[in-house]
Amino acid sequence: MAEKTGSAAAEVVPALFYDDPNAALDWLEQAFGFETCLRVTDDDGVIQHAELEHGNGRIMLGGSGWAEFPASPKTLGGRNTQCIHVQVKDVMAHYERAKAAGATIAAEPEDQFYGDKVYRAFDLEGHFWTFGQTMRVLSNADMEKASPGLKVEGKG
Amino acid sequence: MSASVTVAITLAVEPEEAFRLFTEEVDQWWQRGPQFRFRPKKHGTMRFEPGEGGRLVEVYDEAKGELYEVGRILVWKPGDRLVFEWCGPNYREGQVTEVDIRFKAKDTGTRILLEHRGWETLPPDHPARHGLDNRAFLTSQGGWWEEQLTALRALLG
């Protein structure tokens, strides 16, 4: 379990809304390789809150019906307003595992101009995810050369 | 189903050793102070009496047999599973919760999955809930166990 506060802790923690948080938790473990580190279940057996880890990263998940604004992409025609990106150690193995578990692949693994191999997928309720692995460490100048017209600044 | 909270942690040891640390070394990792111990004004020693039918107790005076009994051990399978009953000092008759711990081998050691369940036996106005709604209360219980398991892992340095 990652420390919740401390030098090794993830300071940004996305939280996702699911119509069926119980199914989502199992699925995210099976398909994307997350590990549950906290699960809060109510009297009816419904998960009210859960936290899952992947490496030193963490997400939270919960239901969708507790206020006006939370909704699952499932009820929004599949539209997403954001995407969660996860950097993995072996993107091809991750891709095969996710696909076998029923992830909807939106884009096959592909080398990107910035040196990573990335694939895109929708989870069981249509949340959009991307998974990448750094294959080549490139300088900003190399990236600009590989993708004419873009200016790359900062430390990637 | 029943209201429950589950927390998990990975220890870099084999399941048998994780089970041994959890049980034999319990007083080493069990946090001290009124938030964690059962009689705030007395300092005791946490102890698992090994085996099914044994108990988890906090012993204050060995000679006088003065202790607090947290609950009976229901399942004792070294390296695999430990289940015990849990009654807080302010629980009444019929109010009992249960702690179920599984030790699962994985490539980096042992994943300890600790579920504390049976919270539906405590009514909404129970003092143990500190006026919190179910979700907030259970989340705080999760935080309590996370602190405990983090201390357990710290035994390994």
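**Reading the sheets of a predicted model**

Me: In what order do the 11 strands of the open sheet stand?

Reply: Strands of a sheet pair through backbone hydrogen bonds, either parallel or antiparallel. Here 11 strands form an open sheet with mixed pairing, in the order S1(A)-S4(A)-S3(A)-S2(A)-S1(B)-S7(B)-S6(B)-S5(B)-S4(B)-S3(B)-S2(B). Strands are DSSP runs (E, at least two residues), as helices are (H or I, at least four), numbered from the N terminus; two strands pair if DSSP finds at least two bridges between them. This is a predicted model, in which local features need pLDDT of at least 70. Residues are numbered from 1 along each chain, and chains are lettered from A in the order in which they are written.

Me: How many bridges join S6 and S7 of chain B?

Reply: Nine bridges join strand S6 (residues 97-106) to strand S7 (residues 109-117) of chain B, and the two run antiparallel. B:Ala105 has B:Thr110 in S7(B) as its bridge partner.

Me: Which strands does helix H1 of chain A lie across?

Reply: Helix H1 (residues 21-32) of chain A lies across strands S2 (35-41), S3 (47-54) and S4 (57-62) of chain A, at about 10 degrees to S3(A). Angles run from 0 to 180 degrees between N-to-C directions, with axes fitted to C-alpha atoms, for helices over the stretch in contact (heavy atoms within 4.5 Å).

Key
This is a predicted model: local features need pLDDT of at least 70, side-chain atom pairs count only at pLDDT 80 or more; totals for chains, interfaces and linings use all residues. Side-chain values use heavy atoms; hydrogens and water are left out.
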